[in-house]
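Visitor: I am new to reading protein models. Could you walk me through one, feature by feature?

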Amino acid sequence: MNKDVNSYYDFAEEDYELLKFNVESGKVANAMCALANSIVERYLKHVIDVYFKIENDTDYGKKQTILKTHSLKGLCGFIKHNSLIMDFDHNIICQADGFHRSARYPSDDSLFVTKDDVDSAWKSVQYCKLIVDDILKNYNLRLP
């Protein structure tokens, strides 16, 4: 691949196409839900990275901390708490939350996903992409 990749959005888009292909092919696999969590995570992080302005050391620390999380609930909370330009249904976006760990590693909360899980996670991805694309377009933020 020779694409110049340099943003959370670019990485989300790359994996979006892979997940879309697998969903449309009718596949069901843990990796698909883990990937959905990661895609939504990166779309949200792109909005934070582009829109959240750092005005002091405290803001810098907050931004660096939130960009390290895999929690969609945490990212949504940060966006809402900081009044970023994103109006969204938290519940739809968070349908893909939690798969980062539970669908990838053996533990007490591990699981094998079902078709319903994949469908729900895919719905979250599609919804988040729609919202983020609209924000980036309407506010002239970086769209690759």
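Visitor: Let me start with Asp15. Is Asp15 buried or exposed, and how do I tell?
Guide: This is a predicted model, so keep that in mind throughout. To judge cover, look at relative accessible area; buried means under 20%. Asp15 has 19%, so Asp15 counts as buried.

Visitor: What does the side chain of Asp15 meet?
Guide: First, the general idea. Side chains of opposite charge can pair when their charged atoms come close. Here, Asp15 and Arg42 form a salt bridge, with N to O at 2.7 Å. Asp15 lies in helix α1 and Arg42 in helix α2, so the pair ties together parts 27 residues apart in sequence. Arg42 counts as buried too, because its relative accessibility is 11%.

Visitor: How many salt bridges are there in the whole structure?
Guide: A search finds six. One of them joins Lys45 and Glu41, at 2.9 Å from N to O. Both residues lie in helix α2, four residues apart, about one turn of the helix. Lys45 is buried, with a relative accessible area of 3%. Glu41 is buried as well, at 5%.

Visitor: Which residue does Lys115 pair with?
Guide: Lys115 pairs with Asp119, and the N to O distance is 3.1 Å. Both sit in helix α7, four residues apart. Asp119 counts as partly exposed, with 33% relative accessibility. There is also a network of salt bridges, which links Glu13, Lys129 and Asp133.

Visitor: Now the helices. How many helices and strands does the chain have?
Guide: The chain has seven helices and zero strands. Take α2 as a test case. Its 22 residues, at 1.5 Å a residue, should span 32 Å.

Visitor: Is α2 mostly covered or mostly open?
Guide: Mostly covered: 19 of its 22 residues are buried. Ala34 is found in this helix, which covers residues 30–51. Ala34 is buried, with a relative accessible area of 7%. The C-alpha atoms of Ala34 and Asp97 are 8.8 Å apart, though the two residues are 63 residues apart along the chain.

Visitor: How much of the chain is buried?
Guide: Buried residues make up 46% of the 144 residues. The accessible surface comes to about 8,100 Å², and 50% of this surface belongs to carbon and sulfur atoms.

Visitor: Which residues touch the most other members of the largest nonpolar core?
Guide: The general idea comes first again. In soluble globular proteins, nonpolar side chains tend to be buried together. In this model, the largest nonpolar core has 43 residues, and Leu19, Leu44, Ile48, Met86 and Ile93 touch the most other members. Helices α1, α2, α4, α5 and α7 each supply at least two residues of this core.

Visitor: What is Met86 in contact with, beyond its neighbours within four places in sequence?
Guide: Its contacts include Leu44, Val47, Ile79 and Ile135. For the chain, take the contacts with a separation of 6 or more: residues 24 or more positions apart account for 69% of them.

Visitor: Last one. How many disulfides does a search find?
Guide: A disulfide is a covalent bond between the sulfur atoms of two cysteines. The search finds zero here. Look at Cys128: the nearest cysteine sulfur, that of Cys76, is 7.3 Å away. A disulfide needs the sulfur atoms within 2.5 Å. Cys128 counts as buried, at 0% relative accessibility. Cys33 is buried, also with a relative accessible area of 0%.

How values were computed
Residues are numbered from 1 along each chain as its sequence is written. This is a predicted model: local features need pLDDT of at least 70, side-chain atom pairs count only at pLDDT 80 or more; totals for chains, interfaces and linings use all residues. Side-chain values use heavy atoms; hydrogens and water are left out. Buried means under 20% relative accessible area, exposed over 50%, partly exposed in between (1.4 Å probe, protein chains only). The expected span of a helix is 1.5 Å times one less than its number of residues. Contact means heavy atoms within 4.5 Å. Accessible areas come from the Shrake-Rupley method with a 1.4 Å probe; for residues, only the protein chains shown count as cover. A nonpolar core is a set of buried Ala, Val, Leu, Ile, Met, Phe, Trp, Tyr and Cys residues joined through side-chain atoms within 4.5 Å. A salt bridge is a side-chain nitrogen of Lys or Arg within 4 Å of a carboxyl oxygen of Asp or Glu.
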